[in-house]
Structures are given as structure tokens and as C-alpha cells.
Amino acid sequence: MYIIKVKGKAKIPEYIQLRDDDFVLIAYFRADRPLSKLEKYGLEGKEEELRKIIDEIPFGKLKKLEF
């Protein structure tokens, strides 16, 4: 699974994309919202680690998630 942080413009907030190994979009959510329903993506219990990655990852850079 991969993660990408997308920068918004003006009033449009930052967004996070989660993509599978074939780069198919599986989740798209605002970066400033609480992380919820992560069990749907197999990431239950990883909220703190994912929040840290979201805060550290630069915009537009693809990062492979390895938990």
C-alpha cells in the first residue's frame, strides 16, 4: 500500500490518498480530519503511526506503507 499527500489551494485543504500495490486509489480523505474506518483498509490499530507519517511526508511524494 502507498500513501501520497496532495496539497490543496486557498480554502481547499490537504488530502491523503491511499493506493494499493497496483496504484489503484482505495481511499481519499482530508488530512486534517480524524482517522476513522481504517479497518476497511487493513490499518486498524495503526492510527498513531499513520498520523505521524501524514505529518512528516512531503507533498506529492509517494511513500510505501510498511507496518
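## The helix and the sheet

Axes here are lines fitted to C-alpha atoms, for helices over the stretch in contact, and angles run from 0 to 180 degrees between N-to-C directions. With that in hand, let's look at this predicted model. Helix H1, residues 47-56, lies across S1, S2, S3 and S4, and runs at about 45° to S1.

The sheet itself is open and antiparallel, with its four strands in the order S3-S2-S1-S4. S3 and strand S4 (62-64) are the edge strands, each pairing on one side only. On average, neighbouring strands of this sheet are turned by 20° against each other, direction ignored.

## Where S1 meets S4

Strands of a sheet pair through backbone hydrogen bonds, either parallel or antiparallel. For S1 and S4 the sense is antiparallel, and the pairing extends over three bridges.

A search of the whole structure turns up two aromatic pairs. In one of them, Tyr2 and Phe23, the ring centres are 4.8 Å apart and the planes meet at 25°, so the pair counts as stacked. Tyr2 belongs to strand S1 while Phe23 is in the loop between S2 and strand S3 (25-30), so this pair ties together parts that are 21 residues apart in sequence. Tyr2 is buried at 16% relative accessible area, because the cut-off for that class is under 20%. Phe23, at 39% relative accessibility, is partly exposed.

Tyr15 and Tyr28 also have ring centres 4.8 Å apart, and with their planes at 0° they are stacked. Here too the pair links distant parts of the chain, with Tyr15 in strand S2 and Tyr28 in strand S3, 13 residues apart. Tyr15 is partly exposed, with a relative accessible area of 21%. Tyr28 is likewise partly exposed, with a value of 47%.

## A charge over a ring

Have a look at Lys5 as well: its charged end sits over the ring of Phe59, 4.9 Å from the ring centre.

## Gly8 in its loop

Gly8 is found in the loop between strand S1 (2-6) and strand S2 (15-19). Its relative accessibility is 22%, so Gly8 counts as partly exposed. Leaving aside residues up to four places away in sequence, Gly8 touches Pro13 and Glu14.

How far apart are the C-alpha atoms of Gly8 and Lys52? They are separated by 20 Å, and the two residues are 44 residues apart along the chain.

Conventions:
Residues numbered from 1 in each chain as written. Predicted model: local features only at pLDDT ≥ 70, side-chain atom pairs only at ≥ 80, totals over all residues. Heavy atoms only, no water. Helix = DSSP H or I, 4+ residues; strand = E, 2+ residues; numbered from the N terminus. Buried < 20%, exposed > 50% of the residue type's maximum accessible area, 1.4 Å probe, protein only. Contact = heavy atoms within 4.5 Å. Phe/Tyr/Trp six-rings, centres within 6.5 Å; stacked < 30°, edge-to-face > 60°. Lys NZ or Arg CZ within 6 Å of the ring centre and 35° of its normal. Pairing = 2+ DSSP bridges.
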